[in-house]
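The exercises below are meant to be worked through with the sequence and the coordinates side by side. Try each task before reading its solution.

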Amino acid sequence: MKKTMKRVLALVMIMALIMGVVACGSKKEEAKNEDITLTFQQWFADECPEGLFQEICDGFTAETGIKIELYNAPNAETKTTLLSGAANGTIADIVGTDGKWVSDLVDGGALTPLDDLFKEGNVDTSVFSDMWKYNGSTYAMPMVTFSYPLAVNTDILAEVGIDPESIKTRSDFLAACKAVTDAGYLAYGWNATTSNPAGLDHIFLNSFWASGGKLRDDAGLFHIADNDDFKETAVYFKELVDNGYIAPGYMTAIEADITSKFGSGDLAFCNPSISMLSIWASDSPNLHFTVIPMPVKDGYTGTTYADYACWGVGISDHCEHKAEAMKFIEYMFSAEANAKLAQGKGCFPGSTVSDPDYSETSENFQKAFTIWKAATPRAEWNAAIEASALRTGVLENVLLFVNGEIDVDTMAANCQAVCDEVYN
Amino acid sequence: MKKLKRNAVPYLYIAPTVILMAVLLVLPIFNVIRYSFYDNAFVKKNPSPVGWLNYQKVLADPVFWQSVRETTFFVIVSIVGHILIALIFAHLLNTTMFKQRTKTLARIVYILPWIFTATVISVMWKLIFQPAGVMNYLLGFIGLATKNTEWFSNKDIALYVVTYINLWSGYPFYMISVLAGLQGISPDLYESSAIDGATSFKSFLYITLPQLKPILLSLVMLDFVWTLKTFAIVWTLTAGGPMHATEIISLYIYRTAFMENHYSLASAAAVFLLIVCMIVAVFYTRQQFKIQED
């Protein structure tokens, strides 16, 4: 009996020893994580409600012990900061990026390819709603997205006797614009300044994509010269301009000019970012509006695509803890963190497993989400080479056409030449 | 050793300034010149030297030449306008025909544009010139504009409007400088010319202008360099648009560097601007030496 007791005691002691070693190992790993601080250069924190983004990052620290230090800069400065940081080796470990910056950041050594890190970390890539590839490698993913539905001033539309929901096609929209203009209102806002070609994406191409238009083939090459959908969209916009349906001043208007006009009730239609919907709901109580999908070309019954802007994330080439940085990215795409960010900021999730609760948001925001879910996201400038220069070149030629200075075929050929110059 | 120490003292006094200027002025200029000879420095991980290629590319860019033409117009009209307005307003403030109180009030009103920042000026004039703004409303009374008349978005007139706003925002400095010059002219000169029967115009031509010549020359050169570098007002008014119609050289450089990420091309364009500014700076310095000698 004594012998058995001794054996049991020895076994318990061995077990305790093993447990102790295991526990020490885990503590050691935690201690190792606690020594790691990952820096994150982005513009998101400043654009979120105060403290929200830091709180989400703190959640990761609580889970893993890895600290996240946020480097904040405005969106307009982030790209230059990242490029100069990559050039002099001071770039942050994790990088916030726009899809349109990816090729420039890769060429500047600011982003590292993620495919091997996905494999090493057994990352479930199905959680990413999109993956931005350049030269065959994945470099970044959109964390959250912002769509640009058509906002309609319901008071103006009611005055001219048109139901916003009845506007489905470009012809419907032209008729509505005519009625609105005849009643003495400004119809449609287009921020077509070439200094920031956002108006090309969120208005012109938004309409083009909604009707199934496609600029690039599967290899990523641009096809515009013989693109009938593109030409049709340009002709449609020329009609809007020629008839005075586009609010004057569009050639130098920026997004804020248009949204402020709509917010003050002077404009019947515009394409705001969904983040504006909450702002109008709180700041312009007298503004009555709704959101509808972009009108499609007459007779189109195919898939509707929706333009979007986004906050993307990647890992810098200089990062010394790439595996840990990947863990952070996985965390940001987890159901809880991604939903918290989307809900808090008032935008749509970039993670397929995220299911944000928008029950507290405005009716228009919820409607915009329904419209977004019914469409397929499309933003073809993401990861394009020199996307900024291409967008400016294409917008310039579209403007020359809508102003009657060149014909539609020359416009399409010029746009193609702009892209070919970069891609050849 | 003692003598060496004594001789070193003045250099030690100016050393902090020399170091600061070297770090903040000479080094960045040197870097910009260096970037202009590299293949997209700043953006590429390992940029390689390309000789004069960036300069050739800039000179072959039609938008650069459009920008040069617009800058030439913008600078010349601004200088001529600033000096003319300065002369007229300074004379009004220097005249004996008004009471001192009236002149003080006028001086405050005239100097107001100089007090506003570029952003305030831009917002104000944007509101005035917007299609539903005051300008179209007032011109509408005489049939010269409608509520759809565009000023900044019309590429045929946008540069004129931007130049006008630059004239408005910049004249007070030149007015004050000319006024100081006018007040330094001895009244005896005017009295003797009046005794000799000179008209006011002749007094202006043969007394005022020659007396103001050193100040006016300095002002012209300063205005040239300052107007050449103008950025904030034009950027906030039109951002160089529509279709590059108001893209003066400083905006061309900014767009090429920070929006298209062609830092080397932008550096090459900036070197051209640097050369022009240096030439004017040499003339300015010579002029200042000449004034000191006189």
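**Exercise 1.** Leaving aside its neighbours within four places in sequence, with which residues is L212(B) in contact?

*Solution.* The model is a predicted one, in which local features need pLDDT of at least 70, side-chain atom pairs count only at pLDDT 80 or more, and totals for chains, interfaces and linings use all residues. Residues are numbered from 1 along each chain as its sequence is written, while chains are lettered from A and ligands numbered from 1 in the order in which they are written. Begin by placing L212(B) in helix 9 of chain B, residues 200–228, where helices (H or I, at least four residues) and strands (E, at least two) are DSSP runs numbered from the N terminus. Next, apply the contact criterion, C-beta atoms placed from the backbone and lying within 7 Å; once the neighbours within four places are set aside, V178(B) and G181(B) are the contacts of L212(B). Then note that the C-alpha atoms of L212(B) and L182(B), which are 30 residues apart along the chain, are separated by 7.2 Å.

**Exercise 2.** Determine how helix 4 and helix 7 of chain B are arranged, and which residues make their contact.

*Solution.* Take the axes as lines fitted to C-alpha atoms over the stretch in contact, with angles from 0 to 180 degrees between N-to-C directions. The axes of helix 4 (residues 100–115) and helix 7 (residues 158–183) of chain B come within 7 Å and cross at roughly 120°. The contact is made by Y110(B), I111(B), P113(B) and W114(B) of helix 4 together with W168(B), S169(B), P172(B), F173(B) and M175(B) of helix 7.

**Exercise 3.** Where are the two asparagines N135(A) and N261(B), and is each buried or exposed?

*Solution.* N135(A) is found in the loop between strand 4 (132–134) and strand 5 (137–147) of chain A, whereas N261(B) is found in the loop between helix 11 and helix 12 (263–293) of chain B. Although neither is a glycine, phi is positive in each, about 50° for N135(A) and about 60° for N261(B). Now count C-beta atoms, placed from the backbone, within 10 Å: 20 or more others make a residue buried, 12 or fewer exposed, and counts in between partly exposed. N135(A) has 12 such neighbours and therefore counts as exposed, while N261(B) has 24 and is therefore buried.

How values were computed. Two residues are in contact if their C-beta atoms, placed from the backbone, lie within 7 Å.
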